[in-house]
Amino acid sequence: MTAISATTDRKPVRWGRIALHLGCLAALLVVLYPLVWLLATSLKPADEVITSLNLLPSHVEWSNYKTALDGVNDVSIWRLLSNSLLIAGGAVLGNVISCSLAAYAFARLRFRFRGPLFAFMIATIMLPHHAVLIPQYIIFNQLGLVNTYWPLILPKFLATEAFFVFLIVQFMRGLPRELEEAARIDGCGPFRSFFQIVLPLTRPALITTAIFTFIWTWNDFFTQLIYLFDPQKFTLTLALSSFVDSSSQSAFGPMFAMSVIALLPIVLFFLAFQRFLVEGMASSGLKG
Amino acid sequence: MTTTEIPAPTARPKRPTAAPKRRPKREREGAAWVFLSPWVLGACVLTLLPMAVSLYLSFTDYNLFDPPRWIGLRNYTQMFTEDPRYWRSVVTTLTYVVIAVPLQLALALVVALALKSMKSGKAFYRSAFYAPSLLGASMSIALVWRAVFNDGGTVDNLVGNGGWVNKPGWSLVAVALLTVWQFGAPMVIFLAGLQQIPAELYEAAAVDGAGKWRQFMSITVPMLSPVLFFNLVLQTIQAFQVFTPAFAISGGRGGPADSTLVYTLYLYDRGFVASHMGYASAMAWVLLLVIGAVTAVLFRTSRSWVFYASEGDR
């Protein structure tokens, strides 16, 4: 949109442009290499995984995926997948509900200590997760909830991921107030105003929240590592990690086949919503 | 379910005699607390309370089974004076932060500058370079990294030094490169910041005879400094808490020779493997204070190099 039109001499611009594209393509090759490597290795026959120097397999070996579908430690991959989905889905639901509620209060309503509470909320964005981890673990341990999904999902329903509260607040602040004011004059209370006017308009920010929550929860390792120890309750991430410990190098192919399966939802989300993700990330940095 | 714990004033006064002007105001204050209640509950029970508890535990000997035993400052003195692995983890983490963050931000800035003036293909490159930021935190990619940097892996074939993962001097570099690989997120933020710089500034500078370099140093750098600062703070805080790649590359041990034993990995080892919850709590509090101090220093120095074009445009 705001194209910089400083110098428009013909020649240098064209050569510069070609060099620019070549540079970007080269960078792209390096950046995408690990992904290509992953895909190629997941299709390699067992004897080629370590010995062969070729990136591409001599022939495509689908049996790696077959082995991967059997799962790890006698837990089928469908079980692992549905466990991962359950946690990620619960987290998405929790974050969207709780963060939008809190954000509406911060963005639109007046209440005592709003300033200090908002500052506190911002501060918790920077709070290292590990500072609260051990006592949280102890609390959930006392409640007998370790080795269940509650410690992974419940906090999301309590708006503990302040980053998303902030993201939605910023978005709501950008919405025109006229609609709400008109509605208020007509006798519309804050609840109806929230559900019928503000929430529908906030959809882009909610989608961004939902996608990022899904991806971050899906990728999360630390929390799952400390809370879950029953292989039946393992997620794909945990299963992958235990795969490494328990298997020799001959299981490399199936392991990377499983890695591909674990990445698939993120890749699909990315392809479907890349605009939302990139714009969402971009706007988070500008209004701070 | 979770929204039930509400401070008192939710009952609406339905009496028509109440002054019409005062009622909505009161009601809105009450409504605000209803909206806030999940967050308030979370902030109290899952943030403030745990912080207080972990502060207390940091002065105790606690293994999750026996009641905590007060030992005063012993955890801290042990940490600072008797535990070489602790210092090892501090040095490892600082080294990692100092390698990964500047490299990542520099790459992000260079790519953003390259993409800024691009007319076609910008959106494609932007998305493609951004993808690693979403994938990079996963276990899958960490395992790829371990294999690619392992003995006989791609990097070994290219450089021929037997794989970085097994070399104490190089293993941390492999971890750092995984972070650098995820330069897309700060790059996208840089790019958005670059596009907000008004074109008139460059035009005026060009009219005054300023060259490209001069324009970059006198317009781009100052105008972009708030975004640079934002990225710097965010990435530094995140880098201090790196866990998954170090865990995956070293198989959870922080090896070889503790060379990838980053702070959080050692914290995990003390707390959840060795069950020294008191000691781990002390480590968590030191981490909290260090991150707070580093952030404060960054904010303080920012006054001299971050330039805000319009004060308070909120």
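Author: Let us begin with burial: a residue is buried if 20 or more other C-beta atoms lie within 10 Å of its own, and exposed if 12 or fewer do. Please keep in mind throughout that this is a predicted model.

Reader: With that cut-off in hand, does P198(B) count as buried or exposed?

Author: P198(B) has 12 C-beta neighbours inside 10 Å and therefore counts as exposed. This proline is found in the loop between α8 and α9 (199–207) of chain B. In space P198(B) lies 9.5 Å from M223(B), C-alpha to C-alpha, although the two are 25 residues apart in sequence.

Reader: How many C-beta neighbours does G72(B) have inside 10 Å?

Author: G72(B) has 9 such neighbours, so this glycine counts as exposed. Its place is the loop of chain B between β2 (69–70) and α2 (74–82), and its C-alpha atom is 4.9 Å from that of F59(B), a residue 13 places away in sequence.

Reader: How should I read the contacts along each sequence, and what share of them join residues at least 24 apart?

Author: The count takes contacts between residues at least 6 apart in sequence; in chain A, 74% of these join residues at least 24 apart, and in chain B the share is 69%.

Reader: Which domains is chain A divided into?

Author: The assignment gives domain 1 (10–66) and domain 2 (73–246) in chain A, and the centres of these two domains, taken over C-alpha atoms, are separated by 36 Å.

Reader: For a pair of helices, I would look at the angle and the distance between axes; at what angle do α4 and α8 of chain B pack?

Author: Helix α4 (residues 122–135) and helix α8 (residues 184–195) of chain B pack at about 140 degrees, with their axes 7 Å apart, and α4(B) and α8(B) are therefore oblique to each other. On the α4(B) side the contact is formed by R126(B), F129(B), Y130(B), A131(B), P132(B) and S133(B), which meet G184(B), A185(B), M187(B), V188(B) and L191(B) of α8(B).

Reader: Which residues have the most contacts inside the largest nonpolar core?

Author: That core has 161 residues, and those with the most contacts inside it are A102(A), A103(A), Y104(A), V165(A), I168(A), V188(B) and F190(B). Helix α4 (residues 77–108) of chain A supplies the largest share of the core, namely 14 residues. If neighbours within four places in sequence are set aside, Y104(A) is in contact with L109(A), M172(A), F194(A), V198(A) and F35(B).

Reader: How many residues of each chain take part where chain A and chain B are in contact?

Author: On the two sides, 81 residues of chain B are in contact with 70 residues of chain A. Helix α1 (residues 22–57) of chain B gives the most to the chain B side, with 19 residues, and that side divides into 53 nonpolar, 23 polar and five charged residues.

Note on methods. Residues numbered from 1 in each chain as written. Chains lettered and ligands numbered in written order. Predicted model: local features only at pLDDT ≥ 70, side-chain atom pairs only at ≥ 80, totals over all residues. Axes fitted to C-alpha atoms, helices over the stretch in contact; angles between N-to-C directions. Helix = DSSP H or I, 4+ residues; strand = E, 2+ residues; numbered from the N terminus. Parallel < 35°, antiparallel > 145°, perpendicular 65-115°, else oblique. Contact = placed C-beta atoms within 7 Å. Core = buried A, V, L, I, M, F, W, Y, C linked by C-beta atoms within 7 Å. Nonpolar A, V, L, I, M, F, W, Y, C, P; charged D, E, K, R; others polar. Domains from an automatic or database assignment.
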